[in-house]
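Biologist: I would like to learn how to read a protein model. Can we go through one feature at a time?

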Amino acid sequence: MSAECGAAPGWSGHRPFHPHPRFARSVTGAIMSTKEKNGQGDVGRRDFLKLFGAAGAAAGTLPFGGSTSADEIVAAAATDTKHHHAAEPRARGGGYEFFNVDESAFVEAAVDTLIPKDAAGPGAKELGVATYIDRQMASGYGKGDRLYLEGPFGEGTPGQGYQLPMTPSELIRAGIADVNAVVQKSHKNSFAALSAKDRAATMADLEATKTELPTVPAATFFSLLLQLTIEGYFADPMYGGNKDAAAWKMIGFPGADAMYADKIEPFRNKPYKAEPKGIQDLI
């Protein structure tokens, strides 16, 4: 369906990062359940994030499509699109451009569930990943500026990619409302008000498609939410997440500074350690 997919500014190129279903399962296994798995000899979160983050963080220093500035990305919320599948927010959440109060509470709880704080490093919530996702939803990426959305729309196969008539922001907004409705029915509460254990169980059920959502496919919503969470965790801090480059420091990534010619001889056969530099540190 989609001839060209939009890319979030945390990743280079014109196509967003889409975790393979098997990879997505490894993400929730290694991140959401770290505390339970560490005592069983499984790969810890720090090791997992190092494996993923080394490549992800390097790509995360480049802006949208390799050409759009951060100011343009953040300002992209000035106009609306012609697609309106989900209800508009009642009121913006504090400091958010796109999400209302209930939505921002959901996203903060969701990213904290997917990548929680532990002994290995900071969690997604404290690194501002919710802000990163909010800016993406308010931008041209969230509005589907580079997505073909005219149909025909069919179920398709996994290899055919995104097949919905909804922009990313519409999918996220509808998915949040759907999950809150399901949780309200089963737990008599909102997702954000659940215990950490119940939030993790809810996310696991979404990933495993054990939960059927009223208006959007559960697996598609979960995949996009997970994708955005990982992007925000490793992207250049100028995009709202990875506060103080903490995720880069955790995995030993030096940042956007690509000039290392003068470091080759002094550090030959030695580990190179440096304070990470973001794009804004270099301009």
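Modeller: Start with a word we need at once. A residue counts as buried when its relative accessible area is under 20%, and as exposed when that area is over 50%; partly exposed lies in between. By that cut-off, Glu103 is buried, and so is Arg173. Keep in mind that this is a predicted model.

Biologist: What do the side chains of Glu103 and Arg173 form?

Modeller: First the general idea. Side chains of opposite charge can pair when their charged atoms come close. Here, the side chains of Glu103 and Arg173 meet in a salt bridge, at 2.7 Å from N to O. The pair links distant parts of the chain. Glu103 sits in helix H5, residues 101-114, and Arg173 sits in helix H7, residues 168-187. They are 70 residues apart.

Biologist: How many salt bridges does the structure hold?

Modeller: The structure holds five. Another of them joins Asp112 and Arg199, with the closest N and O atoms 3.7 Å apart. This pair also links distant parts of the chain: Asp112 is in helix H5, and Arg199 is in helix H8, residues 196-207. The two residues are 87 apart.

Biologist: Is Asp112 buried, partly exposed or exposed? And what of Arg199?

Modeller: Use the cut-offs again. Asp112 has a relative accessible area of 23%, so Asp112 is partly exposed. Arg199 has 11%, so Arg199 counts as buried.

Biologist: Which residue meets Arg268 in a salt bridge?

Modeller: Glu265 does, at 2.4 Å from N to O. Arg268 is at 43% relative accessibility, so Arg268 counts as partly exposed. Glu265 is at 56%, so Glu265 is exposed.

Biologist: Let me step back to the whole chain. How many helices and strands are there?

Modeller: The protein chain has ten helices and zero strands. Read along the sequence, the pattern is α-α-α-α-α-α-α-α-α-α.

Biologist: How much of the contact pattern joins residues 24 or more positions apart?

Modeller: Take the contacts with a separation of 6 or more. Residues 24 or more positions apart account for 68% of those.

Biologist: What span should H8 have?

Modeller: H8 has twelve residues, so at 1.5 Å a residue it should span 16 Å. Its end C-alpha atoms are 17 Å apart, which agrees. H7 has 20 residues and reaches 28 Å from its first C-alpha to its last, close to the 28 Å expected.

Biologist: Which residues does Met137 touch?

Modeller: Met137 lies in helix H6. Its relative accessible area is 1%, so Met137 is buried. Leave out residues up to four places away in sequence. Met137 then touches Phe98, Phe99, Gly142, Lys143, Pro168, Ser169, Ile172 and Leu228. Take Pro168: it is 31 residues from Met137 along the chain, yet their C-alpha atoms are separated by 7.0 Å.

Biologist: Now the loops. Is Thr167 buried or exposed?

Modeller: Thr167 is in the loop between helix H6, residues 129-138, and H7. Its relative accessibility is 0%, so Thr167 counts as buried. A polar contact of 3.2 Å joins the side chains of Thr167 and Ser169.

Biologist: And where is Ala193?

Modeller: Ala193 is in the loop between H7 and H8. With a relative accessible area of 44%, Ala193 is partly exposed. Ala193 and Val183 are ten residues apart in sequence and 9.9 Å apart in space, C-alpha to C-alpha.

Methods:
Residues are numbered from 1 along each chain as its sequence is written. This is a predicted model: local features need pLDDT of at least 70, side-chain atom pairs count only at pLDDT 80 or more; totals for chains, interfaces and linings use all residues. Side-chain values use heavy atoms; hydrogens and water are left out. Helices (H or I, at least four residues) and strands (E, at least two) are DSSP runs, numbered from the N terminus. Contact means heavy atoms within 4.5 Å. A salt bridge is a side-chain nitrogen of Lys or Arg within 4 Å of a carboxyl oxygen of Asp or Glu. Buried means under 20% relative accessible area, exposed over 50%, partly exposed in between (1.4 Å probe, protein chains only). A polar contact is a pair of N or O atoms within 3.5 Å; within protein, one must be able to donate a hydrogen and the other to accept it, and residues adjacent in sequence count only if both atoms are side-chain atoms. The expected span of a helix is 1.5 Å times one less than its number of residues.
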